[in-house]
Amino acid sequence: MNDFITLSDLPDFKQTLDLAMDFKKNPYKLSSLGKGKTLGLLFFNPSLRTRLSTQKAAQNLGLSTMVMNFSQESWALEFEDGTKMSGLRSEHVREAAAVVSQYCDMIAIRAFASLSDKVKDEAEVVLRSFAKYASVPIINMESSTAHPLQALADAITLNEFKTSHKPKIVLTWAPHPKALPHAVGNSFTRMVGNLDVDFIIAHPKGYALNPEITKGVKCLTNQDEALDGADFVYTKNWCSYEHYGQILRTDDKWMITSEKMELTNNGKFMHCLPVRRNIVATDSVLNSNNSLVINQSENRIYSAQAVLKQLL
């Protein structure tokens, strides 16, 4: 594995999941593996779990870390080749990626979608530009279209709480006051394709995810029908893909409530966090014993650790 940009970069998904589960049992068993090496973490957007969990994973392997918030601490970067840089952007990614590669043995990057230009977002300009010009491995800490570290953590969580029968997993859209990207929904959908489960995506009309990613997946526009008998309910907002970046509705009819969870098979509630309480899901759902959101958060450490180990 040269880079970790999407889940498909993993040489073997099951072996990676087993490795992550093994690290959770003994996080420090390879604590000298990364000695003398440095992981650079570049943030173009805010972070809490991703930043801290990736740093913790690096420390568990003996790696040093260097962190930079590009929105506040760096020169503005230009990503277009051949452009005359007469505007506000004073450094080109060609030099920036090469320079960071001199200081770091791996580079992890977080750069969200603009939600204004679908073509540009799907081209993953920031991540792919660093991968093009860096001389060290690149790790995706959430990009315009993917969040593979989160999806791998979700796989750990599903494995920890696996049922005795083939589970039914529902990924359901929920309301949000802001336009949010598709990265989590995309990667969760792709991750579930590696599992033996019944999988359904529920969303209102106009909120279908990228059809290339959901090809072959059962998608419903009736949330109650989707939730019926579910063992796991993964809730996440995303903006419209068809009408890219737009918010088509903000009413609370798709918010997850205790009443909706009663439709499930004593279902477990999942969300990647941060979550807007009483908008995406009610307090009663988030505070219940069936909420796995804190478990998912912890498992971010071991998903990152499994990836870092393989890159090392």
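Which residue in E9 is the bridge partner of Ile 200?

Modeller: The model is a predicted one. The bridge partner of Ile 200 in E9 is Lys 218. Strand E8, residues 198–202, is joined to E9 by three bridges, and the two strands run parallel. Both belong to an open sheet of five strands, ordered E9-E8-E7-E10-E11 and paired in parallel. Strand E9 (218–220) stands at one edge and strand E11 (268–270) at another; each has a single partner strand, so one side of each is left without a neighbour in the sheet. On average, neighbouring strands of this sheet are turned by 20° against each other, direction ignored. In general, strands of a sheet pair through backbone hydrogen bonds, either parallel or antiparallel.

A cis peptide bond joins Leu 273 and Pro 274, with omega at about 0°. Leu 273 also has a positive phi, near 65°, although this residue is not a glycine. With a relative accessible area of 17%, Leu 273 falls under the 20% cut-off and therefore counts as buried. Asn 278 has its place in the loop between E11 and H12 as well. Its phi is positive, about 65°, again in a residue other than glycine. Asn 278 has a relative accessible area of 42%, which lies between the cut-offs of 20% and 50%, so this residue is partly exposed.

Asp 121 lies in helix H5, residues 118–122. This residue is buried but has no salt bridge: Lys 120, the nearest side chain of opposite charge, is 7.4 Å away. A polar atom of the Asp 121 side chain does lie 2.9 Å from the backbone nitrogen of Leu 115. Leaving out residues up to four places away in sequence, Asp 121 touches Ala 113, Ser 114, Leu 115, Ser 116, Ser 144, Thr 145 and Tyr 244.

The other residue is Thr 16, in helix H1 (residues 13–25). Its relative accessibility is 1%, so Thr 16 counts as buried. Apart from neighbours within four places in sequence, Thr 16 is in contact with Leu 10, Leu 152, Ala 306 and Gln 310.

Technical notes: Residues numbered from 1 in each chain as written. Predicted model: local features only at pLDDT ≥ 70, side-chain atom pairs only at ≥ 80, totals over all residues. Heavy atoms only, no water. Helix = DSSP H or I, 4+ residues; strand = E, 2+ residues; numbered from the N terminus. Buried < 20%, exposed > 50% of the residue type's maximum accessible area, 1.4 Å probe, protein only. Contact = heavy atoms within 4.5 Å. Lys, Arg positive; Asp, Glu negative; His and termini not counted. Salt bridge = Lys/Arg side-chain N within 4 Å of Asp/Glu carboxyl O. Polar contact = N/O pair within 3.5 Å; in protein donor to acceptor, adjacent residues only side chain to side chain. Pairing = 2+ DSSP bridges. Axes fitted to C-alpha atoms, helices over the stretch in contact; angles between N-to-C directions.
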